[in-house]
Amino acid sequence: MSAASPPPALSAVVTRLRAAGCVFAEDEARLLISAARTPAELTDMVDRRAAGLPLEQVIGWADFCGLRIAVTPGVFVPRRRTEFLVRQAIALARPAAGPAVQAGPRPVVVDLCCGSGAVGAALAAALGPVELHAADIDPAAVACARRNLAAAGGRVYQGDLYEPLPVALQGRVGLLAANVPYIPTGEISLLPAEARLHEPRAALDGGPDGLDVLRRVATAAPRWLVPGGHLLSEASERQAPRAVAALTGTGLIPRVARSEELNATVIIGTRPA
């Protein structure tokens with residue numbers, strides 16, 4: 001074996017992953033090898049990845065906004081495009097955006113449909129001390145988010161959207177990040193098997209046009225936001241006009257932010273000051 005040849009374990013893992021259809025087999029093989037503590041564990045991890053489990057669920061974490069976010073089996077994997085939502089929220093939370101978000105000793109941040117808690121963790125890391133709350137309907141996601149938000153002092157609740165949040169938060173939230181499901185029901189079958197088979201349907205299915213959950217979030221948002229506070233949510237580019245109309249009907253002032261690089265569309269609604 002020449003000095004340039006990969007170690008036998010790496011070569012074997014790459015071959016197995018390529019046969020399973022993994023496009024980035026070499027990168028994934030290195031991550032699996034670095035995550036495995038024993039040869040037996042490596043074999044098990046490669047088997048699970050080859051069977052179609054998301055890589056992040058297999059190795060136990062996802063890279064999101066430079067953070068290592070714990071991801072357990074069955075929990076929605078944070079997408080890189082969602083980093084654009086985080087960047088938009090950070091820009092809005094800076095003092096130049098106005099005093100409303102910064103009112104009080106710490107900004108109040110809520111991460112709805114939080115999944116692993118990746119958005120809340122990234123916002124806390126970027127903004128410094130925040131009063132952080134998160135909620136998800138899925139108990140597995142709640143358990144995972146509690147791990148990821150513990151260092152920031154985040155409180156995580158299980159329940160449907162706003163239902164489990166403390167009533168005392170109403171009118172105090174400066175940033176309301178809601179990474180809602182927005183795939184139309186009829187398009188779920190078109191998703192990659194990784195998502196379709198191994199992530200909770202509730203984290204993917206947004207109803208007939210994909211906007212059912214966003215409409216529910218937007219309808220109640222003005223009650224929870226501080227004047228001048230912001231709701232941020234993802235949608236597809238083609239859904240943006242209907243999403244804007246949904247926010248307008250609630251009294252929020254909407255705008256759309258778009259990243260071609262990440263293929264990300266973020267709908268922002270601001271409660272009038």
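The side chain of Asp205 makes a polar contact with the side chain of Thr185, at 2.6 Å; a polar contact here is a pair of N or O atoms within 3.5 Å, where, within protein, one must be able to donate a hydrogen and the other to accept it, and residues adjacent in sequence count only if both atoms are side-chain atoms. This is a predicted model, so to speak of local features takes a pLDDT of at least 70, side-chain atom pairs count only at pLDDT 80 or more, and totals for chains, interfaces and linings use all residues. Residues are numbered from 1 along each chain as its sequence is written, and side-chain values use heavy atoms, with hydrogens and water left out.

Back to Asp205, which is found in the loop between α9 (193-198) and α10; helices (H or I, at least four residues) and strands (E, at least two) are DSSP runs, numbered from the N terminus. With 19% relative accessibility, Asp205 counts as buried (under 20% relative accessible area, with exposed over 50% and partly exposed in between; 1.4 Å probe, protein chains only). Leaving out residues up to four places away in sequence, Asp205 touches Pro181, Ile183, Pro184, Thr185 and Ile188, contact meaning heavy atoms within 4.5 Å.

Next come the nonpolar cores, each a set of buried Ala, Val, Leu, Ile, Met, Phe, Trp, Tyr and Cys residues joined through side-chain atoms within 4.5 Å. The largest has 33 residues, and Leu123, Leu175 and Leu232 touch the most other members. Elements giving two or more residues to this core include α5 (82-93), α7 (118-127) and β6 (173-178). A second, separate core of 30 residues includes Val110, Leu165, Leu214 and Ala235.

Helix α8 has its own buried set: Ala141, Val142, Cys144, Ala145, Asn148 and Leu149. Seen down the axis of α8, these fall within an arc of 165 degrees, so they line one face of the helix (the arc is that of the directions from the helix axis to the C-beta atoms). Among the elements covering them are β2 (67-70) and β5 (155-158).

As for aromatic rings, the structure holds 1 aromatic pair. The rings of Tyr162 and Trp224 have centres 5.3 Å apart and planes at 15 degrees, so the pair is stacked. For rings of Phe, Tyr and Trp (its six-membered ring), pairing takes centres within 6.5 Å; planes under 30 degrees apart count as stacked, over 60 as edge-to-face and the rest as tilted. Both Tyr162 and Trp224 are buried.
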